[in-house]
Amino acid sequence: MIRKYIPLMAALVLAFSCNPTTEPTVQDTLTVSPASLSFEAEDASVKLVYVTTAGDWSASLSANWMHLEKSSGTGKGTLALKVDANTGEDRTGTLTVKGASTATVSVTQKGKNIVQIVPVADAFDGTKRASTTYQLLIYSFADSDGDGIGDFKGIQDRLGYLDGLGVTALWLSPAHPTSSYHAYDVDDYSTVNPLYGTEQDFKNLIDAAHGKGIKIYMDYVLNHSGRNNAWFQQALADPASPYREYYVFSDDPESDVRAGKIDNYGGASSPGMGSWHQVASGSAGYAGRLHFVLNSTAKTITVTETTAPADTPLATADWYIYNNDFQGMKKTADGMYEITLDMNNDWGFLVCSKKDWSSGSKYGASSSAGNIQFGVPFSLYTNANNDAVGNIRFGGTSTSYFASFDASMPDLNYGKYAQASESPAFQAIAATADRWITDFGVDGFRLDAVLWIYQAQVKANQAFLSQWYDHCNATWHAAGHADDIFMVGEAWEGHDTEKQYYKGLTSCFEFEYFDVLARAVNGNASSYVSSVNRFISDHTGQRPDAVTSFHMTNHDQNRAAESFGRDAAKEKQAAAMILTTPGKPFIYQGEELGYYGKKDNGDEYVRTPILWDKAGTQCAKKGVNNKVDTGMLKAEISVESQTADAGSLLNVYKTWSRLRNTYPALAEGTMTDAGLSGGSSVAAWYMTSGSQKMLVIHNVASSEKSVTVKDNLSKPVALLGSATLDHDVLTLGARSSVVFLL
Ligand code: MG
């Protein structure tokens, strides 16, 4: 009051004394602009306040973390204000300017409010929303009867473990009788392998799994059967057998392929993979003395009957006749070798450049060659892998069968692809599938090697698969299901070819996914979101009901852990990534425990049995012929150890799988790029389903990374590693992943 009063009185005195008729001066006022200033925590800038007044003024501050360049003035002027860096909480202060009147400026400064992210997920209500499948090898998962071989009852006993992993389906390795441990050579599609249990045991497993919300997918091998399948054995035994139709037989494959008579080739002129295998009938051998002349340059052999004395074979030679033993030939001229031998076998002979069967050493008959004629040069056939080199025969008849893989797995013949469902083989196998669906309650199939059903011919395979799917789906509907049957094909090809198989099936494995995932987990996540979305949209572009199946690796690939350098932090992040990615994730037996292994050491080493207990007594080691990596199967990799360790890979799988089952946005949502600036180190995306939206962020770098986030991050629901939030800046620790419910 006093300071305002004095100038007023002075003005009145001055006016009265000089010019008593002048109007009194309007009272001066003081204003400041702006009314508020805000600073960042480490803001070093100077901000100006404009003072407007006619008279004197002075400025003061409410706290000592603010500083003024000057604190008083006269008339219009500026005040420069700066602040100290703030290492504490957000703070506010006031700048007060007094003169003709009093004005204030409010000053705020953000603090270093670093908040540790502590996830709190909503309680899981027991409804498994995700469709997460566990690929399980029956022979090496769990043994219930102590014979060391996995079995149905063993799986049933471990359903609690699988339920705890949050899985909603099991893909079982082939359950049928077989001549191998891996069971991809099926000897009888109509029943189960007695080593695994009875049909009732299988039914019990299915029922118990259903009780836990777990579906059962059978592995169906449609490309080929086992050599010991009764169908094939009957086809071999009798050329007039109706089962000849089930397989791909030819008396002259080269001519038949050229004439387009081999339906199995799907129109191709060569098989792409596989070879013909000769089957003899009648005696192909000879009993008596023969003279052999080999022209090693022309690669011909000429055989004549003789009464001349037999030679003593050379122990070491350039060339040998093999007639149950290696018989060294004598060199008679450049490139010419001869021997006289007594023959007595029923299969014929071969010519060899080495005294063993190493690659390229074996010479014989091509699959289209007829029997050798005495005195007529016979053209020798070989190839680099010794594949399909037939015996040189003196008699009998010969025919060949085709196998995409090896001789123990003859390809099944479904005839012309457009009418495949009318073929006897299709109808016989479909009848067995119907039984598993209708009588046993099987929920779907994983189809093996679908590329090779018609020799990688896309159009032919599409037509076949579509007929197979429609058949099984009709059976499924007839069994009372309102939805469609699930079926996933192994179209092991690049994405651009694989996606075309969705014309035949609703799902295929996206084999390129793991390359994308491994690249991300190994530090470059820049294309993760766009790649995943491209895979999915390419599939739905083929058909609207497409389901993209994502997996890391399977029983035919090196273990995923090998691609991560057996680094547990990377394995955990890979789990968090696949379980926050849309599509249908598959977990391969042992992946959840960090199993490693390479195929170089034998396929068994990527199919290792689950080690249930630390002591190692519960482990189906005989299921893989005892071929296990004992260096890996140590206590710490066991289910018992990892269950007890809160930070184990197994518990990461459980936590993130439960998360996927809890939130519909993760379980069935769509993915959009969150557009955060993290460079190649950060993959960030939204998952959205209905009104639910979540933000998923993975820092794949080996150091911490910060990103600025626009969303409200008040509800973190999952965290791997560490993360802090400082206002809108989220900092993730090395190889850390976080999910927010928005
Ligand atoms: Mg057993």
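**Domains and distances**

Author: The C-alpha centres of domain 1 and domain 2 lie 71 Å apart. The model is predicted, so local features need pLDDT of at least 70 and side-chain atom pairs count only at pLDDT 80 or more, while totals for chains, interfaces and linings use all residues. Residues are numbered from 1 along each chain as its sequence is written, and side-chain values use heavy atoms, with hydrogens and water left out.

Reader: Which residues belong to which domain?

Author: The assignment gives domain 1 as 2–116, domain 2 as 129–221 + 510–532 + 543–668, domain 3 as 281–397 and domain 4 as 669–741. Those bounds come from an automatic or database domain assignment.

Reader: OK, the metal. What coordinates the magnesium ion?

Author: The magnesium ion is coordinated by D143 (OD), D145 (OD), D147 (OD), I149 (O) and D151 (OD), at 2.1 to 2.3 Å. Donors here are N, O and S atoms within 2.8 Å of the metal (3.2 Å for Na, K and Ca); water is not among the atoms, so sites may look incomplete.

Reader: How are the donor residues spaced in sequence?

Author: The spacing is D-x1-D-x1-D-x1-I-x1-D.

Reader: And is I149 buried or exposed?

Author: I149 counts as buried because its relative accessibility is 17%. Buried means under 20% relative accessible area, exposed over 50%, and partly exposed in between (1.4 Å probe, protein chains only). D143, at 25%, counts as partly exposed.

Reader: Switching to helices. At what angle do helix 8 and helix 9 pack?

Author: Helix 8 (residues 424–438) and helix 9 (residues 458–478) pack at about 35 degrees, with their axes 9 Å apart. Axes are lines fitted to C-alpha atoms, for helices over the stretch in contact, and angles run from 0 to 180 degrees between N-to-C directions. Helices (H or I, at least four residues) and strands (E, at least two) are DSSP runs, numbered from the N terminus.

Reader: Which residues of the two helices meet?

Author: On the helix 8 side they are F426, I429, A430, A433, D434, I437 and T438, and they meet F464, Q467, W468, H471, C472, T475 and W476 in helix 9. Contact means heavy atoms within 4.5 Å.

Reader: What classes are they, then?

Author: This contact has nine nonpolar, four polar and one charged residues. Ala, Val, Leu, Ile, Met, Phe, Trp, Tyr, Cys and Pro count as nonpolar, Asp, Glu, Lys and Arg as charged, and the others, Gly among them, as polar.

Reader: Now the backbone. Where is A456, and what is its phi?

Author: A456 is in the loop between strand 26 (444–447) and helix 9. Its phi is positive, about 60 degrees, although A456 is not a glycine. N324 also has a positive phi, about 110 degrees, and is not a glycine. N324 lies in the loop between strand 18 (320–322) and strand 19 (326–328).

Reader: Why point those out?

Author: Because most residues other than glycine have a negative phi, and most peptide bonds are trans.

Reader: So where is there a cis peptide bond?

Author: A cis bond joins S33 and P34, with omega about -5 degrees. P34 sits in the loop between strand 1 (31–33) and strand 2 (36–39).

Reader: Last one: what does G111 touch?

Author: Not counting residues up to four places away in sequence, G111 touches A41, N86, G88, E89, D90, D726 and H727. G111 is buried, at 2% relative accessibility.
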